[in-house]
Amino acid sequence: MDNRVFTRLGLAAFFLGLSSAAQAIEATIEGVEDPLAENVRLYLEGLDAPQYSPARLESEVLRRSSEALRVYGYYSPRIELRFDDPESPSRVTLSIAPGEPVRIEVLSLSVTGDAADDPPFNQALEAFPLEKGDRLRHAPFDSLRSRLANLALERGYFNWRFTDRRMEVRPYAHSARLYLALDSGRRYHFGDVTFQGHHIETDRLQSLAPFSPGDPYLASKVASFNQRLGQTGWFASVSVRPRLNREVARLALPDTAGWWQSLDVEGVEPVAAGPRIAAEALVTAASLKQPGVPEVPVDVVVTPANRHQFEVGVGYATDVGPRLRFSWNQPWINRFGHSLNHDLYLSGPEQQLSGSYTLPLANPLRDSYRFLYGLRNKDNEDTRTLESTVEAARRWTFDNDWQQSLYLRGTYEDFTQAGNSNQVLLLYPGISWSRIRTRNPTFPTWGDRQRLAVEYSSDWWGSAAEFLRLTGDSEWIRMIGDDNRFVGRVGVGSIITDDFADVPPSLRFFAGGDRSVRGYDYETLAPEDDEGRLIGGEQLLTASLEAQRRVTGQWWAASFIDTGNAFSNWDSNGLKTGAGLGVRWISPVGPIRLDVAHPFDSQDSFRIHFSIGPEF
């Protein structure tokens, strides 16, 4: 058959479908307001008029409308309807007199068993919004029933059942009787945890469990255990499941035997079938031998993660130009869960090789020792430096997600800054606190980041310079509605020292660039010597405020203002300010930012800033 015939048939079927959909009946409701009117519309939605004869269509409209009113307690409505066209209707007008509503005459809600003393169950009963004398509504009763059932499963009442679950409606008396009784039975407690497929010491895995054997069962703790195991990075897959014993029920014999179970032996009379034991009886009998507190063991099945993981990242920013990052991660190197990571970063002005060795402690996700190393070469503006660093750190993560790190760092730096060359060996302790919270890390709709660090170096223990260095920065992201996004940043720093010439460039302060004060080149804002060469600052202050507005889809427009500088001494008159407009595109590889910024304290008219990557 000619393809054109298929095309015509397809188009005909398509337009016929459109025609049929177009004849779906529309309803106009009179006599009642929302939510009753809206519910009637929802019940009539999708009613395809051409599928019914006029009489059947009228009956179907009345049936659906009556059901829509019943869920709000109106069981005796008077409904008059009229179609715009009796033969081929496309619209119906309903005049509704809801009548006297059904009111609650009896309300009996109860929980028995161990759950009777469990607060969430009592709170669910107390939160029930209906009382005796109120107009009946179906939704709260259905919601309470689902809520109690979910609570029973979530909180370990695996033998729960409804002993009564009735809604008796007497339309002629305009009354309703509601009965809901839950027998929770005994509450299960956590039993032993067994691990399969693991390559890490069992004690280390057990320490991640947010429960101990004998604790009351909570489904949320099972989910938390699953999440914690995944966060270690030790495993490619994790499955944590409670083990419920259903084998007893399988011992029950069927009520009747089939022909395949019959025994026919010559000369042997068949034995009359005796009474059989029901499954419920076996379960009950078995439970008599169970311990006083029922337990549910937990089975954990894991598969090891790849021992060697490689990652390559490519990016671009106007601060540093093209950049390349290569990572080699070893999430586990022994049965104790130690890990080793290496990172190579390459860009025009800076090249860096760094790594860390992590020794998790009793709580692997919260406590650890870390040993770090780093080699860095930097050649930017008036800074040339070759730096090597080693660090030993003890890290804690608190319940409020703040991380604390106490560290001892040794740094050797061979540098030239503004024509002055030096070689320094520093040994200094420090402490830092940091926290990152975010929703959707790629392009956060909500989030914040804070960090505060204090470091001290002294010639008492052989450091080349004595100084106290304090740094702090914070960033916030908040949304107003779905299309307005705001980003704020502030950063401060201070070095207190009489040996500034011996403080290497890696510890001095510079401002300007994509992530600092836009409108100015990367790290070009700092005190200068008599020849105009940058020497770096002892103090730092930067701040930024940005407003973004969604234009369409993944495209956003931005306006911003940045200010800040690095100083030898605090001087508000020395602040440099830039402002401008930008575009954001949430691409598959991450947010892409393009900004055009005007510096108010420079001869340049504008500067373009381009970068790829998340804000945090």
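Helices (H or I, at least four residues) and strands (E, at least two) are DSSP runs, numbered from the N terminus.

**Figure 1. The whole protein, a predicted model.** The protein holds nine helices and 25 strands. Residues are numbered from 1 along each chain as its sequence is written. Of the 616 residues, 38% are buried (under 20% relative accessible area; exposed means over 50%, and partly exposed is in between, with a 1.4 Å probe and protein chains only).

**Figure 2. Helix α3, residues 54-70.** How far apart are the end C-alpha atoms of α3? They are 25 Å apart, which agrees with the 24 Å that its 17 residues should span at 1.5 Å a residue (the expected span is 1.5 Å times one less than the number of residues). Buried residues of α3 include Leu 57, Val 61 and Leu 69. Their cover includes α2 (36-44), β2 (78-83) and β3 (91-97).

**Figure 3. Ser 65 in helix α3.** Is Ser 65 buried or exposed? Ser 65 counts as buried because its relative accessible area is 0%. Leaving aside residues up to four places away in sequence, Ser 65 touches Val 40, Leu 44, Ile 79 and Leu 94.

**Figure 4. The peptide bond between Asp 34 and Pro 35.** This bond is cis, with omega at about 10°. Find Pro 35 in the loop between β1 (26-30) and α2. Most residues other than glycine have a negative phi, and most peptide bonds are trans.

**Figure 5. Loop residues His 174 and Asp 401.** His 174 sits between β5 (161-170) and β6 (175-183), and its phi is positive, about 55°, although it is not a glycine. With a relative accessible area of 23%, His 174 is partly exposed. Asp 401 belongs to the loop between β15 (383-397) and β16 (403-417). Asp 401 is not a glycine either, yet its phi is positive, about 75°. Its relative accessibility is 44%, so Asp 401 counts as partly exposed.

Conventions. This is a predicted model: local features need pLDDT of at least 70, side-chain atom pairs count only at pLDDT 80 or more; totals for chains, interfaces and linings use all residues. Side-chain values use heavy atoms; hydrogens and water are left out. Contact means heavy atoms within 4.5 Å.
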